[in-house]
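Thanks for coming, everyone. Please look at the structure on the screen, and I will walk you through its inside.

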Amino acid sequence: MTKQLKSKKNQVLLTDIGLGNHHHAQYVVKNFATVEAFEREVSIYKELQGSALLIPHIVAKEGDAQLVLTYIEGQTALEKLEALDTMDPKSGLWQRESAFFIENLCGWIAQFYKIMYDRKKVQWILGDIHLRNFIFEKDGGTVYGIDFEECTMGQWESDMARLSVFILTYDPAYTENKVKLCRLFMKKMGALLDPVSPLDQKFLKEELYRELEDLGKRRGVEVEKNVLKEMVEDV
């Protein structure tokens, strides 16, 4: 059985592969749109090998544009966000679930940054950072990161700004819960990254406004800069 998975850039398939004795395993087959994207993703996997960071394993490389990867069963961070957005923000459940969400998501991102910083001696970012690229594993909820083809040198503030704006503007945009989650995200990332390399508050603010305006134009979402102002002041 083969199922098409959502991807804007590549053809990504979830497929069952027979292992003999009636046993099957699920794998992700990722067909890249360009050789350059394939090579970049493979190079980042090599950088991360041997680290404690949770990522899928490369099972096979086919030609110069296909990877076969282990499948991580669970919920995307976007699905987690959508569930959190339906909860009462004053409830104990929301407090526990939002803390778990932020702790694990920020922990994975900060760990990625630190590993790449140690190995490259400069800051690297994910680039294409959005909530579908983080999987909360079915058993236990630990976070796996996927999709590294747009990783590049850059400032961590750029990734933080992009993900914050995505969280804020997922439909329905600017809900009370999303604003609270964004503020928690910014504070947690600041706490994790400042000991490694202090965040540039001015640049972070500029990136937040730029990302919000760009995304607002693409999605037709009204820009609410006052929300971002409060978020930056929290960090």
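Let's start with Phe136. At a relative accessible area of 2%, Phe136 is buried. Buried means under 20% relative accessible area, exposed means over 50%, and partly exposed is in between, with a 1.4 Å probe and protein chains only.

A word on the source. This is a predicted model, where local features need pLDDT of at least 70, side-chain atom pairs count only at pLDDT 80 or more, and totals for chains, interfaces and linings use all residues. Residues are numbered from 1 along each chain as its sequence is written, and side-chain values use heavy atoms, with hydrogens and water left out.

Now the aromatic pairs. The structure holds twelve of them. Rings of Phe, Tyr and Trp (its six-membered ring) pair if their centres lie within 6.5 Å; planes under 30 degrees apart count as stacked, over 60 as edge-to-face, the rest as tilted. Take Phe100 and Phe136. Their ring centres are 6.2 Å apart and their planes sit at 40 degrees, so this pair is tilted. Phe100 is in helix α3 and Phe136 in strand β8, so the pair ties together parts 36 residues apart in sequence. Helices (H or I, at least four residues) and strands (E, at least two) are DSSP runs, numbered from the N terminus. Phe100 is partly exposed, at 32% relative accessibility.

Next, Trp108 and Phe148. This aromatic pair is stacked, with 6.3 Å centre to centre and 20 degrees between the planes. Trp108 is in helix α3, and Phe148 is in the loop between β9 (143–145) and β10 (152–153), 40 residues apart. Trp108 is buried at 4% relative accessibility. Phe148 is buried too, at 0%.

Which residues touch the most other members of the largest nonpolar core? They are Trp108, Ile109, Phe112 and Phe148, out of 62 residues. Helix α3 (residues 92–120) gives the largest share, twelve residues. A nonpolar core is a set of buried Ala, Val, Leu, Ile, Met, Phe, Trp, Tyr and Cys residues joined through side-chain atoms within 4.5 Å. In soluble globular proteins, nonpolar side chains tend to be buried together.

Last stop: His130. His130 lies in the loop between β7 (124–125) and β8 (134–137). His130 counts as buried, at 16% relative accessibility. Leaving aside neighbours within four places in sequence, His130 is in contact (heavy atoms within 4.5 Å) with Leu163, Phe166 and Tyr170.
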